[in-house]
Amino acid sequence: EAEIQAMPEERKRLEKLTKQLEKDIKSLESGRDERIQFFGKQVEKLKREAKQHLEKLERQRENTEQANVELEVVRNEIQAQEGKDEAAGQSREGLSGAAVAGYIGCQTEGAR
């Protein structure tokens, strides 16, 4: 009989507990939605930052490639100029040698 009399009180306690659990669930769901939105915004922000960083790296890579091409052109021009200078030096040496030999030849003939 005591159990039967305690039933309405138990029912009230369980209903109160159920209402509290429903409030807690709503609170958690609300917090969950807010966290999902927050992290969604964070992901978008990080994606934008990564894209900007990637674009910056791409520009830097292009600048580096351009500088390497220009460096290679300058190296080739220097090598070509050095080749011309070397060829001109060899021809001068050849001419100088022939001129000296001719001069010596003239001097020996004149001495005879």
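Colleague: Is Leu14 buried, partly exposed or exposed?

Modeller: Buried means under 20% relative accessible area, exposed over 50%, partly exposed in between (1.4 Å probe, protein chains only). Leu14 has a relative accessible area of 40%, so Leu14 is partly exposed. This is a predicted model: local features need pLDDT of at least 70, side-chain atom pairs count only at pLDDT 80 or more, and totals for chains, interfaces and linings use all residues. Residues are numbered from 1 along each chain as its sequence is written, and side-chain values use heavy atoms, with hydrogens and water left out.

Colleague: How many helices and strands are in the protein?

Modeller: Helices (H or I, at least four residues) and strands (E, at least two) are DSSP runs, numbered from the N terminus. Here there are one helix and zero strands. Leu14 sits in helix α1, residues 2-111. Of the 112 residues, 1% count as buried.

Colleague: How many salt bridges does a search of the whole structure find?

Modeller: Side chains of opposite charge can pair when their charged atoms come close. The criterion is a side-chain nitrogen of Lys or Arg within 4 Å of a carboxyl oxygen of Asp or Glu. The search finds six. Among them, Glu10 meets Arg13 at 2.8 Å, N to O. The two lie three residues apart in helix α1, about one turn.

Colleague: Which residues are linked in a network of salt bridges?

Modeller: Glu58, Arg61 and Glu65. The closest N and O atoms of Glu65 and Arg61 are 2.3 Å apart. Both lie in helix α1, four residues apart. Glu65 is partly exposed at 41% relative accessibility, and Arg61 is partly exposed at 38%.
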